[in-house]
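Here is a short note for a colleague opening this structure for the first time. Please keep the view beside the text and go through the points in order.

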Amino acid sequence: MTISGLIQKEFIRIKSDRRTLILLFFIPMILIIIFGLTTGVGPTKFFTAAIISRDEMPTYDDFPSNSSEYDDIFISIMEQNSTTWDLYSQFNSTNIGEYNQAFNRCFYLLKNEFIDVFIILPQNFSESIVNNSNPVLIYYIDGSDSSAVRALEVAIQEPLALFRVEINMIENFTIMVPHLEFGVPSWESQLLNYALALILPIIIVGTTMNLTSLSIVSEGPLPRMLITPTAKRDIIFSKLIANTVVMIMQATEIFIMTSFFGLYSLGSLFDFYLVLMLIGFCGVAIGLFISAVSPTEQGANQMYLMMFIIIIIFSGTLMPAESLGGAKFLADILPLSHASVLITDITLRGLPLNLEHVFFILIISLVFLIIAYVAYKFKKLEV
Amino acid sequence: MENPDISNNTMVLVENLDVVFGNKHIVHDVSFSVEEGEIIGMFGISGAGKTTIIRVLTCQIEKKNWNGNVLVTGLSPSKRGNHSKILSNIGYVPQLELLNLYFELDPIVNVEIFTSTYGMDKKKAIITAEKLFNILDIPKDTWKKRVKRMSGGEKKRLSMAIGLIHHPKVLFLDEPTTGVDASKRYDILSYLKKLNQQLNTTMFIITHDLEAALICDKSAILREGKLLEFDTPQNLINSLPSRGLVARISIENLNQEIIKTIQKYPSIEKVLRVGNETIEVLMEDFEDNLPKLMKFLFENELKVYSMSRDVANFRRYFQIRIQEEEEKENRKNRSELMNEGDSP
């Protein structure tokens, strides 16, 4: 056979493998279409903020307290004019009692992710502007997301610029170093703990998926097993059990290793361990699904790789889930986006298990398991 | 037993079996029965329907695709509820060892895996395995080594042992001698006979290898889904003209013209070309007609190098039978074409 004959044979072979063609050409196309159609449509609110205004002009004669107007202008710009900000709520707190109450409320909102940041306008905010001195801006931000901290430093420039134009202000703002809340303390292992939220689920999902995705398709004597009294449901169930046990062992190993190398967790370690197992179980379910629907080992490998890439892309860590627009549903139906939130909540915010995310992961696992079972049940297996 | 009409010794009963997938009729009206302890050879070229029949018997084909009365160890595969029992009563040895053995594990672990699917006691299974390994001459030093380190023949024999590990009443073997070199082929067949004799297991051998008929009590010949013959190999050979006596004749410059000339001789039943210059001739009243045939050849100025007489073997019978069927079909096709040509 000449080289052209060999090339032709390869084309025929590739053409006959429709699944590979679909994976090769349709998946990127679908992803591009999804991104193209869903993101960048309409205004995107990148940051949700709350503002506590302590602004209070000095009282002269009959002027009432808190008669300043510059904080109102700033708040109004944040509320209406800015394209990158969404104002969740505002608090006027001129006395210490009100301020403490507002601060606690904002802290709660920040911790539970209702807001991304809260800004405090100090008592002399308007006074500084009137006196042509540099006004000060204080803000508190969720430090568990380092990329968001950097993005916010840029995004804050927009309302400030609009504000300065609005009031013809020439002085610069003095922005206090932001208070990073819920970050990893400087004395803890920063790199490890910041990476945990993404790296751990990726490791567990990736490896369990990989292990399980070949469990059916690469087992030569499996069809032969069906000429014994063994039922298909027993086969798939046994694979689920065995792979889950391996996954639990792996999750335990990861838990011990991360603890050993300086795991920082404000929340319950048991919850953290539970999340590792939950995400691992989801990996097993997806792996079984891949193995059940793939006709060959090569097909399973390709599908695994594709699914893994998609899961990482839509993990909400590479691209914030909010910025995905209409494609956010993909993040919702894939496990990593839920797992990374759960891990951050537990380790850095000290929150209990978020049952909504737990429920999502369980549902995703269940759906993949059901599809795997049905696909395997109807899979034609002959010796 | 579900059917009171069949004997207690009937291991497999197939009556009027038809298998259809979509518009493809794979098996046509096949009937036969197999008694306990018999070795049955199913012979046929590719697409004959051998594997499909075995798949029906081993519960691999859904009832919606087949019709007929089928009983395996007295139970019908048509009922899903019987599958588990039937599959406990039968063993299966696939053509490729890869489909029957875990190459990364040792033979004993392989045995444990398969026996667990039958719910067998582990200790008893090991005792049975050792007995089978001894019958099949699987060297003891390989029992604890990975299967992938075993030789091809050892893997083949281990695969047979796995098929028999749960004491099945019927063992189905798919091409047991394929991929084995000529000298080892006879060894495999001998082992099968030995197992059959020692364990009294009924065996079903699906094969292209016509030498397997040597150990078969009955042979089934299939072509395009139809069962052409089902009898003992000897009976089949005896059914040939002059009970299978053949004259093997070597003729100089043998060609189709010469063969046609020979076929004109009146008592000739069949002329088979078996070599470049060699034919085998079957005829009625062999003893009387052989000298007359030789005279006929000389009269026609054909130069005969050599002539010997022999008895046809099963391979020759198979060849004749398939050829007959092909000729019959060609005649039928020709007459159909002519009828189509005649019609307005």
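1. Ile241(A) sits in helix α10 (residues 232-260) of chain A. Helices here are DSSP runs of H or I with at least four residues, strands are runs of E with at least two, and both are numbered from the N terminus. With a relative accessible area of 41%, Ile241(A) is partly exposed. Buried means under 20% relative accessible area, exposed means over 50%, and partly exposed lies in between (1.4 Å probe, protein chains only). Patch residues have over 30% relative accessible area and no salt bridge; like charges are joined within 9 Å, and nonpolar side chains (Val, Leu, Ile, Met, Phe, Trp, Tyr) within 5 Å. Areas come from the Shrake-Rupley method with a 1.4 Å probe, and for residues only the protein chains shown count as cover.

2. Ground rules. This is a predicted model: local features need pLDDT of at least 70, side-chain atom pairs count only at pLDDT 80 or more, and totals for chains, interfaces and linings use all residues. Residues are numbered from 1 along each chain as its sequence is written, chains are lettered from A and ligands numbered from 1 in the order in which they are written, and side-chain values use heavy atoms, without hydrogens and water.

3. Chain A overall. Its secondary structure comes to 15 helices and 6 strands. Of the 383 residues in chain A, 47% are buried. Chain A exposes about 19,100 Å², and carbon and sulfur atoms supply 64% of that area. Among contacts in chain A with a separation of 6 or more, 75% are between residues 24 or more positions apart. Contact means heavy atoms within 4.5 Å.

4. Ile96(A). This residue is in helix α4 (residues 96-111) of chain A. Is Ile96(A) buried or exposed? Ile96(A) counts as exposed, at 55% relative accessibility. Ile96(A) and Arg54(A) are 42 residues apart in sequence, and their C-alpha atoms are 9.1 Å apart in space.

5. A salt bridge within one helix. Asp345(A) forms a salt bridge with Arg349(A), with the closest N and O atoms 2.5 Å apart. The rule asks for a side-chain nitrogen of Lys or Arg within 4 Å of a carboxyl oxygen of Asp or Glu. Asp345(A) and Arg349(A) are separated by about one helical turn, because they are 4 residues apart in helix α14 (residues 335-349) of chain A. Asp345(A) is buried at 5% relative accessible area. Arg349(A) is buried too, at 3%. Over all chains, the count comes to 22 salt bridges.

6. Chain B overall. There are 10 helices and 13 strands in chain B. Its C-alpha atoms fill a box of roughly 75 × 55 × 35 Å, taken along the principal axes. Buried residues make up 51% of its 344 residues. Helix α1 (residues 50-57) of chain B is mostly covered, with 7 of its 8 residues buried. Just after α1(B), Cys59(B) takes a positive phi of about 60°.

7. Salt bridges in chain B. Which residue forms a salt bridge with Glu280(B)? The partner is Arg316(B), with the closest N and O atoms 2.4 Å apart. Glu280(B) lies in strand β12 and Arg316(B) in helix α10 (residues 314-342) of chain B, so the pair ties together parts that are 36 residues apart in sequence. Both Glu280(B) and Arg316(B) are buried. Salt bridges that share partners also join Glu229(B), Arg321(B), Glu324(B), Glu325(B) and Lys328(B) into one network.

8. A negative patch. Glu269(B), Glu284(B), Asp285(B) and Asp288(B) gather in a surface patch of negative charge. Asp and Glu count as negative and Lys and Arg as positive; His and the chain ends are not counted. A charge is placed at NZ of Lys, CZ of Arg, CG of Asp or CD of Glu. Asp285(B) lies in the loop between β12 (278-283) and α9 of chain B. Its phi is near 45°, a positive value in a residue other than glycine. Asp288(B) is in helix α9 (residues 286-299) and counts as exposed, at 52% relative accessibility.
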